[in-house]
Amino acid sequence: MVPASAAVSHQSSLQVALRRLSAIKLDIGRSPSSSLALSTKAGTMSTSSKNPQRAPWRDILDSQLKQTAAYDFTVATVGYDAQQRPVPRLRTCGCRGFFPELELNPKGQEAMDQQVEGGGNPPVFESDMLSFTTDPRMEKLSQLESSGHAVEAVFWLKDLMTQWRIKGTAYVIGDPSGEDSQIEKSSRTEISKALRVKGGADSDVAKWTWQNAVTKYFANHSPVARGFFRNPPPGQPKSSTTSQSDLKLGQKVLDLYDPVARANFRVVVIRPEQVECLDLTDQENAKRWNWTLVDGDDGSQWDEIELWP
């Protein structure tokens, strides 16, 4: 059995972090919890029953990401060539941390305070799901749809000599039509199953909305980066023309509810089902672990196993 830790120094090996997880597990086991059911009319969350348990690998990965200045990851989907043969498709994406716990930059928080009532959602939820943002006009979303939303993401944290592989299912939110979109409605439902209410935050659950959650991710982009979502369709030949005169390069977007930019903005949430960690801190004695999410009569739980590296 592999223990885990929420705190590990830059020089410490992953093994030390893992040995400390047992204490963290005891604390988590004593904390109050409840699982989530979607309120489709109001777009808010309500609680019932039990929470999913905190993944044993989450605090290790979280700690290591916080030690890394920029933690982009490689995201793989399945595409199809001209002969309809499945082919892997890879791209580098900026990881936005665990949904919906994005830590806003100061300018982003300033924009939220000025434009969103209450400055955004109260911090009531946490999860083991990783997130990134994208433009729905790009190919990755259609590839997810055609493959049953299968996805794999890989971190190589060079300074820590550690690789993480996360396999799971990707869900997409941010459609301006809200739950009038079946994809949006289904994604919210699936994501809600893996959210946990933080201890003592139950009274604030009704104040949380999906729109504010997505707006926070949009606010975390700079005005220039928000302008990317008002660009002409990505990947199309420059010789082609667009019927929308407001699509052009180099725009700055200050309005967090800009209708054109928000129509082209989505948040992708990855619900992990299998996680592997390869620790090369000591290359003469490399370590590798696998965690697999298994459904049982009393809910899902993570099976841990140490592998040959």
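Leaving out neighbours up to four places away in sequence, glutamate 184 is in contact (heavy atoms within 4.5 Å) with Val172, Ile173, Gly174, Asp175, Gly178 and Glu179. Keep in mind that this is a predicted model, where local features need pLDDT of at least 70, side-chain atom pairs count only at pLDDT 80 or more, and totals for chains, interfaces and linings use all residues. Numbering starts from 1 along each chain as its sequence is written, and side-chain values use heavy atoms, with hydrogens and water left out.

Back to glutamate 184: the residue sits in helix H6 (residues 182-193). Helices here are DSSP runs of H or I with at least four residues, strands are E runs of at least two, and both are numbered from the N terminus. Its side chain reaches the backbone nitrogen of glycine 174 at 2.9 Å. With a relative accessibility of 3%, glutamate 184 counts as buried, a label that means under 20% relative accessible area with a 1.4 Å probe, protein chains only.

Alanine 261 is the other spot to look at, and it belongs to helix H9 (residues 259-263). Its relative accessible area is 0%, so alanine 261 is buried. Again skipping residues up to four places away, alanine 261 touches Phe218, Arg226, Phe229, Arg230 and Val253. Take arginine 230: it is 31 residues from alanine 261 in sequence, yet the C-alpha to C-alpha distance is 5.1 Å.

Here are the two residues again:

| Residue | Helix | Relative accessible area |
|---|---|---|
| Glutamate 184 | H6 (residues 182-193) | 3% |
| Alanine 261 | H9 (residues 259-263) | 0% |

Now for the strands. S7 (residues 150-157) pairs with S3 (residues 72-80) in the antiparallel sense over 3 bridges; to count as a pair, two strands need at least two DSSP bridges between them. Threonine 74 has valine 154 in S7 as its bridge partner. S7 also runs antiparallel to S8 (residues 162-173), and 8 bridges join them. S7 and S8 form a hairpin with 4 residues between them, and methionine 161 in the turn has a positive phi of about 50°.

Zooming out, the protein chain has 9 helices and 12 strands. Of its 309 residues, 48% are buried. Among contacts between residues at least 6 apart in sequence, 66% join residues at least 24 apart. The accessible surface comes to about 15900 Å², with 50% of that belonging to carbon and sulfur atoms; the areas come from the Shrake-Rupley method with a 1.4 Å probe, and for residues only the protein chains shown count as cover.

Key
Buried means under 20% relative accessible area, exposed over 50%, partly exposed in between (1.4 Å probe, protein chains only). A polar contact is a pair of N or O atoms within 3.5 Å; within protein, one must be able to donate a hydrogen and the other to accept it, and residues adjacent in sequence count only if both atoms are side-chain atoms.
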